[in-house]
Each structure stands twice: as structure tokens, then as C-alpha cells.
Amino acid sequence: VETLSDLNSAIAIAESDAGQDSLIASTLPNMYSDRGFAQFTQEKFDGALEDYSQAVSLAPQNACEVYTLIADVYIARDQFKELVATYDKIIECKPNDKLITYSRGFYRMELGDYQGAVEDFHATVDRNLDPNVRIAALNSSSQANLRMENYEGALKALEEALVINVLKAKTYFLRAKVYLAQGNTEGLCKDLGLAMDYGLEDQSPEDAQEAQNLKEENCQ
């Protein structure tokens with residue numbers, strides 16, 4: 001594995017010879033990507049972004065692969081606005097990617113763009129046959145709808161998820177939280193019980209603890 005110092009030297013040599021040797025010039029984009037990744041692993045994020053930008057500038061035909069690396073930097077820095085914009089570029093050059101839209105939806109929700117998140121989650125459902133991916137997207141859609149106080153939309157998404165797998169503990173837990181927001185104590189308590197019966201504690205101890213707390217507070 002090349003060190004950052006080795007990559008600095010290699011890039012300096014390649015840049016000095018690039019004008020006279022097209023083969024050397026063609027290696028520069030990969031060198032910048034490699035150095036960007038080396039800087040990323042050392043948490044030198046600004047330097048990584050500069051190198052990735054240079055790699056895209058020199059070889060725009062390979063930009064999509066570099067955008068994925070850029071996304072990793074923004075994830076590490078919790079820069080969700082820039083991350084969503086990068087996912088926009090990835091989706092543009094990889095329109096058939098079945099999972100990147102889900103990722104963009106997740107970070108749109110982090111930004112507070114709940115409607116955009118819902119759109120991305122349902123696009124994920126439409127483009128995927130994997131039942132687990134579909135359920136995850138529908139569950140996430142319910143959470144985004146709940147934050148918009150769109151209880152009807154949240155319940156509809158969860159009902160679609162339960163059609164795919166009627167034993168999904170997480171889905172019952174999320175529906176219980178919608179019922180809580182609506183003041184539907186009967187529905188809340190019933191779904192909390194179903195979530196625990198179907199293994200919420202094994203799937204998500206944190207959710208199980210929250211479910212237990214909600215049950216103690218509301219279901220005596």
C-alpha cells in the first residue's frame with residue numbers, strides 16, 4: 001500500500017512529465033483518487049476532497065466512481081446537504097442503481113426534507129424486488145410521514161410493509177408510534193404487544209426498550 005508521502009512524490013513526478021507523455025498523464029486521475037483515499041483514511045478531509053475534485057476534472061468519464069468516494073467524506077463529516085447533492089450526481093450517472101435512492105432518502109430526512117425523503121423511499125420500493133429492501137423503505141417512509149404529521153401516509157406505508165411480511169416486528173413498533181401520535185391507545189398497546197411477540201427485542205434492543213417504556217406509560 002502506497003503511503004501518502006509516496007503518492008505525493010508520484011504525483012509530482014507525473015505532473016512534471018504529463019505534458020510530454022500521454023501515458024503518464026492518463027494515470028494522474030487514479031493517482032489523485034488514491035491520494036484522496038489515503039487522506040480520507042487519515043481524516044484529512046479537505047485534502048481528500050481537493051484530490052477527488054482534481055480526479056473528476058482530469059477524467060470526467062470516471063466521475064461516478066469518484067462521487068462515491070466523495071460521498072464517504074461527507075458522511076464522515078455529517079455534511080448532509082453536500083451529501084444529498086453528491087447523491088444527485090451519482091443517481092444521474094447511475095440511474096439503474098437500486099439502493100442509492102434509498103440512501104439519498106435517508107439523508108434527506110436528516111436534512112428535514114421529509115417530502116423528498118418519502119419520494120425517494122417509494123422510488124426504492126418501485127425499483128426493488130427484494131422484500132427486505134422494500135420493507136425497510138416503507139418503514140422509513142412511515143417515519144418521514146410521521147415527522148410531517150401525515151398519519152394517513154405513515155399508516156399506508158406500514159400497511160404495505162405488513163402485506164410483504166405480516167410478522168415484521170419493527171413495522172408494528174413503528175405503527176404503534178403513529179397510533180401514539182394520534183392518541184389511539186388501543187392500537188398503540190396492541191401493536192406494542194405484537195412487536196414484542198414477533199421478536200423486537202432480538203432485532204433491536206433499543207427499540208424494544210422504548211416499546212417497553214411506552215407500554216408501561218400507556219397500557220396499564
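Guide: The conversation below covers the fold, the disulfides, the aromatic rings and some individual residues.

Visitor: What kind of model is this, and what limits apply?

Guide: This is a predicted model, in which local features need pLDDT of at least 70 and side-chain atom pairs count only at pLDDT 80 or more, while totals for chains, interfaces and linings use all residues. Residues are numbered from 1 along each chain as its sequence is written, and side-chain values use heavy atoms, with hydrogens and water left out.

Visitor: How many helices and strands does the chain have?

Guide: The chain has 13 helices and zero strands. Helices (H or I, at least four residues) and strands (E, at least two) are DSSP runs, numbered from the N terminus. Along the sequence the pattern reads α-α-α-α-α-α-α-α-α-α-α-α-α.

Visitor: What percentage of the residues count as buried?

Guide: Of the 220 residues, 42% count as buried. Buried means under 20% relative accessible area, exposed over 50%, and partly exposed in between (1.4 Å probe, protein chains only).

Visitor: Changing topic, how many disulfides are there?

Guide: A search of the whole structure finds two disulfides. A disulfide is a covalent bond between the sulfur atoms of two cysteines; the criterion here is a pair of cysteine sulfur atoms within 2.5 Å. With bonded cysteines counted along the chain, the pattern is 1-2, 3-4.

Visitor: Where does the disulfide of Cys64 and Cys93 sit?

Guide: Cys64 is joined to Cys93 with an S to S distance of 2.0 Å. Cys64 lies in helix H4 (residues 63-76) and Cys93 in helix H5 (residues 80-93), so the pair ties together parts that are 29 residues apart in sequence. The link is right-handed, with 80° about the S-S bond. Cys64 is buried at 8% relative accessibility, whereas Cys93 is partly exposed at 39%.

Visitor: And which hand does the disulfide of Cys189 and Cys219 have?

Guide: The S to S distance between Cys189 and Cys219 is 2.0 Å. The torsion about their S-S bond is about -95°, so this disulfide is left-handed. The pair links distant parts of the chain, 30 residues apart, with Cys189 in helix H11 (residues 185-197) and Cys219 in the segment after helix H13 (205-218). Cys189 is partly exposed at 22% relative accessibility, and Cys219 is partly exposed with a relative accessible area of 22%.

Visitor: How many aromatic pairs does the search find?

Guide: The search of the whole structure finds seven aromatic pairs. In one of them, Phe106 and Tyr107 have ring centres 5.0 Å apart and planes at 90°, so the pair is edge-to-face. Rings of Phe, Tyr and Trp (its six-membered ring) pair if their centres lie within 6.5 Å; planes under 30 degrees apart count as stacked, over 60 as edge-to-face and the rest as tilted.

Visitor: Which residues do ring pairs link into a cluster?

Guide: The cluster consists of Phe80, Tyr87, Phe106 and Tyr107. Of these, Phe106 is partly exposed with a relative accessible area of 35%, and Tyr107 is buried with 14%.

Visitor: What about Asp78: where is it placed?

Guide: Asp78 is in the loop between H4 and H5. Asp78 also has a positive phi, about 55°, although it is not a glycine, and it is exposed with a relative accessible area of 53%.

Visitor: Finally, which helix holds Leu174?

Guide: Leu174 is in helix H10 (residues 169-182) and is buried, with a relative accessible area of 5%. The C-alpha atoms of Leu174 and Leu158 are separated by 7.8 Å, with the two residues 16 apart along the chain.
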